[in-house]
Amino acid sequence: MRTFYIFKIKKELTILTKETPYNLYRTIENLYYQDNDTMGVSFKIYNDLFDLFDKDYINKRIDNLFKSNRYYSSEGDIHKITNKYRPENSTLKVYKSHILLKSDVINPTLLVNYLMTDNLFVCDFKNKDYFWLNEFVR
C-alpha cells in the first residue's frame, strides 16, 4: 500500500526548488516526523512552505473528472476508485492542508487524473519517494 501526501507549495518556493526537489522533500519529511514539543516551529515553517487547498473546489473538480467512471465513488471529502479488473483500490481524502492518497498501485488513477498545476508536490515518506505532480503526469 502506497501513501501519498500531496502538498500545494507556495509559488516562490516552487520556483526555487523545481530543479532540486530533494531539499524540499527533506524539509517536509522533517516536519512530518516532528514531535509535539516543536509544533509551534513546525507550524511556522508549514505556513512558509504551503498554500491551503480549496476543498470545495477540489472535491467538485474530482467528482466532475470521474463522474462517468464506473469504478469511482465519493462521499464528502473522500474519493475512491475500486477496480477489480486493473486491479486498483485507491482512496483520496481532501484536507485544507494537504491531500492524502492511499493506493495499492504505484500509478493511481486518482493521482494521474488530478488537477494540473505546477506547484503540487507529492511525498511518500515510507518509501522515501517524492516528485512534482506535473512531471509525473507528463
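1. Basis of the model. The model is predicted: local features need pLDDT of at least 70, side-chain atom pairs count only at pLDDT 80 or more, and totals for chains, interfaces and linings use all residues. Residues are numbered from 1 along each chain as its sequence is written, and side-chain values use heavy atoms, with hydrogens and water left out.

2. Overall fold. The chain contains 6 helices and 8 strands. Helices (H or I, at least four residues) and strands (E, at least two) are DSSP runs, numbered from the N terminus. Along the sequence their order is β-α-α-α-β-α-β-β-β-β-α-β-β-α.

3. Of the 138 residues, 41% are buried. Here buried means under 20% relative accessible area, exposed means over 50%, and partly exposed lies in between (1.4 Å probe, protein chains only). The chain exposes about 8300 Å², of which carbon and sulfur atoms supply 51%. Accessible areas come from the Shrake-Rupley method with a 1.4 Å probe, and for residues only the protein chains shown count as cover. Among contacts between residues at least 6 apart in sequence, 55% join residues at least 24 apart. A contact means heavy atoms within 4.5 Å.

4. Strand β6 and its partners. Strand β6 (residues 99-103) is largely enclosed by the rest of the structure, because 4 of its 5 residues are buried. Strand β1 (residues 2-9) runs antiparallel to β6 and is joined to it by 5 bridges. Strand β5 (residues 88-94) also pairs with β6 in the antiparallel sense, over 5 bridges. Two strands pair if DSSP finds at least two bridges between them. K102 of β6 is the bridge partner of T3, and T91 stands opposite K102 as well. The strands β5 and β6 form a hairpin with 4 residues between them.

5. Residue S90. S90 is placed in strand β5. With a relative accessible area of 2%, S90 is buried. Its side chain makes a polar contact with the side chain of S103 at 2.6 Å. A polar contact is a pair of N or O atoms within 3.5 Å; within protein, one must be able to donate a hydrogen and the other to accept it, and residues adjacent in sequence count only if both atoms are side-chain atoms. Leaving aside neighbours within four places in sequence, the residues in contact with S90 include H79, K80, I81, L101, K102 and S103.

6. Strand β4, residues I78 and N83. I78 is found in strand β4 and, at 31% relative accessibility, counts as partly exposed. The C-alpha atoms of I78 and L92 are separated by 5.7 Å, although these residues are 14 residues apart along the chain. Not counting residues up to four places away in sequence, I78 touches S73, T91, L92 and K93. N83 also lies in strand β4 (residues 78-83), and its 13% relative accessibility makes it count as buried. The side chain of N83 reaches the backbone nitrogen of Y85 at 2.8 Å. With residues up to four places away in sequence not counted, N83 touches Y71 and E88.

7. Helix α4. The 12 residues of helix α4 (residues 55-66) should span 16 Å at 1.5 Å a residue, and the end C-alpha atoms are 17 Å apart, which agrees. The expected span is 1.5 Å times one less than the number of residues in the helix. The buried residues of α4 are I58, N59, I62 and F66. Seen down the axis of α4, these buried residues fall within an arc of 100 degrees, so they line one face of the helix. The arc is that of the directions from the helix axis to the C-beta atoms. D56 and K60 are exposed on the other side of α4. For D56, the relative accessible area is 54%, and its C-alpha atom is separated by 9.3 Å from that of G76, 20 residues apart along the chain.

8. Backbone features in two loops. A cis peptide bond, with omega of about -20 degrees, joins R86 and P87. P87 lies in the loop between β4 and β5. K128 is placed in the loop between β7 (120-124) and β8 (129-132). The phi of K128 is near 55 degrees, a positive value in a residue other than glycine. K128 is exposed, with a relative accessible area of 53%.
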